[in-house]
Amino acid sequence: MHLSDKQKKILILLADGEFHSGTELAEALGISRAAICKQLKSLTESGLQHFAVSGKGYRLDRPLELLAQSKIEAMLSDQSKALISKLEIHDHINSTNSYLVERSQNNASSGFVCFAEHQTAGKGRRGRQWISPYGSNIYLSILWRFQQGGPASISGLSLAIGVAVIRTLMQQFSFLGTSAEMDIGLKWPNDIYSQGKKLGGILVEVSGESDGPCSAVIGLGLNVFLPESQAQPITQAWTDLTKIAGPLPLCRNTLAGALLNHLFPVIAGFETVGIKAYLDEWRRYDCLKDRLATLFIGQQQVEGKVEGIDDSGLLLIKRPDGIVQAFASGEVSFNSSGL
């Protein structure tokens, strides 16, 4: 989906969730009412649903809060402001991660932040596409340059990022006055889960010399509101923050700023403290521990009971024969009897 300028203007006018007459919209855009109908039809085809009521006009089926740089920056701590070199918000992009990987190769500065309203080729793990409907969720990537030790020195970074995301959600739900945060956890190696359903995912792409400087593009996709119509291609159980929070109002700009405030201290300090600083916290939110699960590594399958993670962030699985093995990578699927 790529919105035209006219469609974007219509969306901005309808974003409040209130009714706006066809005449009002037509006058604001300088086009005919028939042209407004045509533009709204194409918005519906793009997954942005609206209602039309005779005598009242048009309104979106739910208010739409578009990301605004000024609102996000107003949320930032002094530390975050000092660490961010550039912040961009894209209406459409193939992938926030792909964009920053390319910028990294062109010597972009450490601390480059990219948000998007919509991704045409959002990246999930293992080549999957991350479903990215317009104006609904958080699609965020951060470029950070680490100075020494190579990729091995930032092993476990995705686990620490998961802790930062949980901290953000805890804080946001606390502000909302709900105990919903008790339902949020981490699934090794880089998923945010709630009640056995995927809420978000982390994708860290690292490049650089084996022992020298390296750069990491840290991507986060977090479901705020995922329309059922857009979620049909998703093959696993999913949820979003709107389902978790219920009627409580969630502000995307507030959430975006809060994420940066929690992510940047973790990213900037990781080279010094490593994964060990986050092990206890990560284990507290581990939603795999003591579950029966299957680990997929390429064509290999390993079944057993998850024993948590070791001090390097590796996944521990107790095989049926009683042997505990540690794994650095792979994809874990819950055994249905373990849910």
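Good morning. Please keep in mind that this is a predicted model, in which local features need pLDDT of at least 70, side-chain atom pairs count only at pLDDT 80 or more, and totals for chains, interfaces and linings use all residues. Residues are numbered from 1 along each chain as its sequence is written, and side-chain values use heavy atoms, with hydrogens and water left out.

I begin with the overall picture. The protein has 10 helices and 14 strands; helices (H or I, at least four residues) and strands (E, at least two) are DSSP runs, numbered from the N terminus. Of the 339 residues, 50% are buried. Buried means under 20% relative accessible area, exposed means over 50%, and partly exposed lies in between, with a 1.4 Å probe and protein chains only. The exposed surface comes to about 15,600 Å², and carbon and sulfur atoms supply 48% of it; these areas come from the Shrake-Rupley method with a 1.4 Å probe, and for residues only the protein chains shown count as cover. Contact here means heavy atoms within 4.5 Å. Among contacts between residues at least 6 apart in sequence, 67% join residues at least 24 apart.

I turn now to the sheets. Two strands are said to pair if DSSP finds at least two bridges between them. Three residues lie between the strands of the hairpin, and Gly 55 takes a positive phi near 85°.

Next comes an open sheet of seven strands, with mixed pairing and the order β3-β4-β5-β9-β8-β7-β6. The edges are held by β3 (86-90) and β6 (184-187); each has a single partner strand, so one side of each is left without a neighbour in the sheet. From one strand to the next, the twist averages 20°. Inside this sheet, β8 (residues 197-208) and β9 (residues 214-222) form an antiparallel pair over nine bridges, and Gly 208 has Cys 214 as its bridge partner in β9.

Which strands does helix α6 touch? Helix α6 (residues 96-105) packs on the sheet against β3, β4 (112-116), β5 (138-146), β8 and β9, and its direction makes about 25° with that of β5. Helix α9 (residues 252-273) lies across β3, β4, β5 and β9, at about 20° to β5. For these angles, axes are lines fitted to C-alpha atoms, for helices over the stretch in contact, and angles run from 0 to 180 degrees between N-to-C directions.

A further open sheet has five strands, in the order β13-β12-β11-β10-β14, with antiparallel pairing. Its edge strands are β13 (324-327) and β14 (331-334), each with a single partner strand, so one side of each is left without a neighbour in the sheet. Neighbouring strands here are turned by 45° against each other on average, direction ignored. Between β11 (residues 300-309) and β12 (residues 315-318) there are three bridges, and Val 306 stands opposite Ile 317 in β12.

Let me move to the interior. A nonpolar core is a set of buried Ala, Val, Leu, Ile, Met, Phe, Trp, Tyr and Cys residues joined through side-chain atoms within 4.5 Å. The largest one has 65 residues, and Phe 115, Leu 169 and Leu 260 have the most contacts inside it. Helix α7 (residues 157-176) gives the most to this core, with 10 residues. A second, separate core of 18 residues includes Leu 14, Leu 25, Leu 40 and Leu 64. Returning to Leu 260, its contacts beyond four places in sequence include Ile 72, Val 113, Phe 115 and Pro 265.

Finally, the charged pairs. A salt bridge is a side-chain nitrogen of Lys or Arg within 4 Å of a carboxyl oxygen of Asp or Glu, and the count comes to 10. Lys 187 and Asp 191 form one, with the closest N and O atoms 3.9 Å apart. Are these two residues buried or exposed? Lys 187 is buried at 5% relative accessibility, and Asp 191 is buried at 8%. In another pair, Asp 311 meets Arg 283 at 2.9 Å, N to O. This pair links distant parts of the chain, with Asp 311 in the loop between β11 and β12 and Arg 283 in helix α10 (residues 279-284), 28 residues apart. Asp 311 is partly exposed at 45%, as is Arg 283 at 33%.
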